[in-house]
Every structure is written in structure tokens, then in C-alpha cells.
Amino acid sequence: MPSSRQSIYLIGDFMLVEEFGEMCHAKDVRILYRLNSKNSQKPLPAYFKQQSSPPRNASIVVELTNSDSTVKKKNLHLLEKSIPRTTPILSSSVTTTVTEQSTWLKHSDRLVGISGFPTLISQKLCEIAPSIHTKRETITKASEFFFTLGKQVAIVQDRIGMVMPRILCMLINEAVFALMENIASPRDIDTAMKLGTNYPSGPIEWADRIGVKNVCDVLMALQGDLHEERYRISPLLQVMATGQQWWHT
Amino acid sequence: MKTIGIVGAGIMGRGIAYLAALSGFDILLHDLSEDILKQAMQRISSDLRKGVEKGKITSQQASEVSSKLHPRTSLDDFKECEIVIEAIIESLEIKKETFKKLDEMCPPQTILATNTSSLSVTSIASSVGEPTRVVGMHFFNPPYVMKLVEVVHGHQTSERTLQRTVELARQLGRTPVVVKDTPGFIVNRIARPFYGEALRLLGEGVASVEDIDRIVKLEGGFTMGPFELMDLIGTDVNLAVTKSIYERTFGEPRYRPHIIQQTMVDAGLWGRKTKRGFYTYDS
Ligand SMILES: NC(=O)c1ccc[n+]([C@@H]2O[C@H](COP(=O)([O-])OP(=O)(O)OC[C@H]3O[C@@H](n4cnc5c(N)ncnc54)[C@H](O)[C@@H]3O)[C@@H](O)[C@H]2O)c1
């Protein structure tokens, strides 16, 4: 752990900022943040300090927007103009590849993608995806940062959905297809996957914690990227996301 | 219910017999020959001995279980059973034949259940005069360890049959879930993308076998990674399940097998049972 307290600047979607921030706080990293939407779902704890732009001495800045690429672009521009040229920018690259994001920046060698996704970002490992421009030093700094948080890293290729968010969203999509076809109840689907194949959580309850809209965003990006029918979103999932409704299991 | 009939004394039939006898039921266990039945009884005895050694069951329980198991080379006595669970070879033709025989043998109130993993319960039921009494009872291997039972609602299964089967699963200490008769039921179907996406990620060169497994375990919180699990299940079995669901849904793209699976099977890399699969296993 660093002796002088490290500061991190988080900008992006509420759920991810909250989850990432809690993880940093647990390791005594100071959290400064800015949310995409002014009216956050619930108040964040007092150790989250709101700040409209990053301090010049922030050791690392993290962009955590999956929901809207226009907003993400704006956020990255704000980061780029507020921090020194060498400060690493970690950016969620689940719905937009880091390579695409790097075309938005002047100095893209300090930009690197991470698997920022609700319920996963606070787990024991973070995926890191460099773009073709990312400098080795940026990857090293990003990895070291995750090590100080007690996490492992895995370097993966820059691809929509990365590894875990892609597998997880496809599992949820399949479960919701099954629900739509009315083959079993949401509770029985969750029970079956936990007892029959030892999943850590049922896919329906998991989707509930992630937020259906966040699942849809990844699937939509995958379909846009790969153009395969296999990535078609279950119509029921789509309706649930649009109507902001879900089962209370 | 007091007496349960089990047809097929292979891996699953034996396991279900063990579980049901341990839960206090009398069991009639049928297979093709005296020899097969003798072997099955020996296996169960050795399982019981191991159970006692590991302190999972008492020696009293073990001897009770032994006294409750009755091997039978004919189906004649199966008329006493309130439920018969079929766990024979996974062939639609042979299962239909067996159900026809059971239909003739057992009184109308006897429930006829199949443990099939991949066949249509509805199709098996079509060989029976009164298909309302046919149901799926899908146990997981090994049945006395795995808590789940998928109770499969065939197209014509009656509510009574379904409810009695759910009740029986509970009496066996299992957790029943009810599912419509559709390819893969719940578990085998919803698990498809766990393997399918992992194979595509590997095929696209996004990450290695080892890294994907590490990511799924540490970032996803799963007990096993997809490649470790395919090795455990057998890459051949996993491909067969995928193919079966793909074919039964007339080629739904979400279930399309991946060429890597076929290559592994062709190469004889079937996983742990051949000591080589996505990983190599010594000893
Ligand atoms: N092995 C698993 O993991 C698993 C899990 C769930 C369900 N199942 C299902 O359970 C069933 C049995 O699978 P298994 O793995 O126990 O197979 P197995 O090969 O170990 O056993 C099948 C037994 O059925 C007997 N048999 C074959 N034809 C017969 C007939 N006409 N009459 C009586 N007995 C006959 C065979 O002699 C053999 O002992 C299959 O339908 C399979 O899909 C298997």
C-alpha cells in the first residue's frame, strides 16, 4: 500500500463509480469523483468527494461510462485537458473498444481499457485491454495500481465485451430467452443454475444486481460489432430494459 | 410412496437407487442381465462402505440400505411401484420400448419417469397409452451429492403426475425445479453460452485458455473456468450436448457448436478421462 495517500479520480456511470470507489476506499485510496447524471440514484458516502474536474496531481484517472459513447467522449476530453500528459487514463472498454476511444484523444499512448462492469469491477481480477497505441509503461502503471488494490490482472485483446462481461451477458440473455418462452419461473432458473452447475449466483438475480439496461448495452454493442444473430437480445430483456422493470426474485 | 422402481443400473440408476434407499424407500432395480445387476449391487456396497468410512452415513444406515435394494431381471414386480424411474441408455427407440413394457405392466396410477438428459419427454410419453402419467425426473451426477432435480413437464403430463414427482424429489432430500419439456431443460440449455462464448473468445484470440479460466474464476466468481469444466465433463460429452440442443432447435445460432470442440474430439483430447484435453493431467 502507498505510504502517502493515493488519490484517484473517477468519472462515469453511477453504479460503476460507486463500486469502484468502495473498492478503493477499502484500500485507503482517496476518491474524487464526478457522475454522468446529476441526480444520482442514492447519496454516496461522505468519503466520496465530488469534484467537477480531476486535480492535476491525481495518480490515476478512471473513466467508467458504458451507457453512452457521446458522454464517454466528453469525459475523456475533460480528463485529457485537466491532467498532465503522462498520467494514465484507465477507461472501461466494454461497450466501446479502447482503440476507438483512442481516436478521440490527442495522446492515446496513456489510455488503456479495463473491464468496468457492475458486480465484476470489485472482484479479485480486472481485465486490461491495451490499444495498438498504448505504451508498455501505461500497462505497467495500470497493473501496479490494481495490485495495490489487491487485485490480479489479465491482459486481453481489445474486443467489445472483453471476456467476463461478454460471457456473463450472454448467460443472462439465454436465461431471459428461457423466461420469455415460459419454460420455468425466474426463481427456478436461478436455483437450477446454482445447484445444477454451481454458479455463484442465478442469472436472473445477477441481472437484477447489474441492472438490465447495463446488460442490454453490452449485448447491443456485441451485436453491432459481430453482426451475428447469436447476439440478438431477447425481446423480453429489451422490453424490461426500456421499461426499467425487473422481477423481484 | 413406499416402493420405487428403477430401470437401468448404470451410473445414474445406481446413484438414484442409493439415494432413494437411503431416504427409506424400497427399491426394485432392473437391468438387462443378472451379471450387470450383480456388478451394480457390488458398486453400491462399495459406495456404502466408503460412505461409512468417511462418516457420511452410519453402518446401521448402510445395512438398512442394503436390505432395501431388490435386484430384478424381470419387470413383473414393477406393478407394485407407485413410481418407476427409467435410467437406461440414451436412445429414443429403446426408451420408447421400455415405456411400452412399463405401460403394460404397471397400473394406471403408477407414475412413469425418465431421467433422460437430452431426449424429448413428450416423445417418450407418446409410446404410453396414457401419456399424462409420464414425466421427466432429471437427476444430476452423482444423484446423492447433487441437490437439483429438474422435474420435466411433458406436453401431456398431468398436474397430479407433476405434483407427485415434485413431492418425491423433496422426500429424497432434493430441490426440485419444474421445467417445460424443451431441449436442454434449464441447466444444460442456459449453460451453453458459458462454453460457447469462451470457445469463441479463444477462437478470436481474445485470451488464452488459462487466462479465460482465471478471469471467469477470479472476476466472475465461478468455482471452475469453462475449459476446466469442459475437461471434467468430457469435451466429447459437451459437444454431444451442444449438438443435440442445436439440432433439436433446428439450428438456432446461439447453440451452434464451435470448430475447436470438434477438433478436440477428433484429436481424442476428451478431457480428464483421456488425461488430455484443454489441459494435461498427470497420473
Ligand atoms: N451420466 C450422467 O451424468 C447423466 C446425468 C443425468 C442424466 N443421465 C441420463 O441417465 C440415463 C442413464 O445414463 P447413465 O450415465 O447411467 O448410463 P450407463 O450407460 O451408465 O447405464 C445405462 C444402463 O442401462 C442398461 N440398459 C440399457 N438398455 C436397457 C434396457 N432396455 N432395459 C434395462 N436396462 C437397460 C445398461 O445395461 C446400463 O447398465 C440416460 O438417459 C442419460 O441421459 C445421465
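This is a predicted model: local features need pLDDT of at least 70, side-chain atom pairs count only at pLDDT 80 or more; totals for chains, interfaces and linings use all residues.
Before the helix pairs, the terms: axes are lines fitted to C-alpha atoms, for helices over the stretch in contact, and angles run from 0 to 180 degrees between N-to-C directions. Helices (H or I, at least four residues) and strands (E, at least two) are DSSP runs, numbered from the N terminus.

Residues are numbered from 1 along each chain as its sequence is written, chains are lettered from A and ligands numbered from 1 in the order in which they are written, and side-chain values use heavy atoms, with hydrogens and water left out.

Confidence next. The model has an ipTM of 0.96 and a pTM of 0.95.

Now chain B, helix α8 (residues 192–203) and helix α9 (residues 209–218). Their axes are 10 Å apart and the angle is about 140 degrees. α8(B) and α9(B) are therefore oblique to each other; under 35 degrees counts as roughly parallel, over 145 as roughly antiparallel, 65 to 115 as roughly perpendicular and the rest as oblique. The crossing of α8(B) and α9(B) is right-handed, meaning that the near helix is turned clockwise from the far one by less than a right angle, with anticlockwise being left-handed. On the α8(B) side the contact (heavy atoms within 4.5 Å) involves B:Phe194, B:Ala198, B:Leu201 and B:Leu202, and on the α9(B) side B:Val209, B:Ile212 and B:Val216.

The crossing of α1(B) and α2(B) is right-handed. B:Arg14, B:Ala17 and B:Tyr18 of α1(B) meet B:Ala40, B:Arg43, B:Ile44, B:Asp47 and B:Leu48 of α2(B). The residues of this contact of α1(B) with α2(B) are five nonpolar, no polar and three charged.

In chain A, helix α6 (residues 186–197) packs on helix α7 (residues 203–210) at about 105 degrees, with their axes 7 Å apart. α6(A) and α7(A) are therefore roughly perpendicular to each other.

On to salt bridges (a side-chain nitrogen of Lys or Arg within 4 Å of a carboxyl oxygen of Asp or Glu). The structure holds 28 of these salt bridges over all chains. One pairs the side chains of A:Lys42 and A:Glu18, at 3.2 Å, N to O. A:Lys42 is in the loop between β2 (30–35) and β3 (48–50) of chain A and A:Glu18 in helix α1 (residues 14–26) of chain A, so the pair ties together parts that are 24 residues apart in sequence.

Last, the backbone. The peptide bond from B:Asn141 to B:Pro142 is cis, with omega near -5 degrees. B:Pro142 sits in the loop between β6 (134–139) and β7 (148–153) of chain B.

Methods. Ala, Val, Leu, Ile, Met, Phe, Trp, Tyr, Cys and Pro count as nonpolar, Asp, Glu, Lys and Arg as charged, and the others, Gly among them, as polar.
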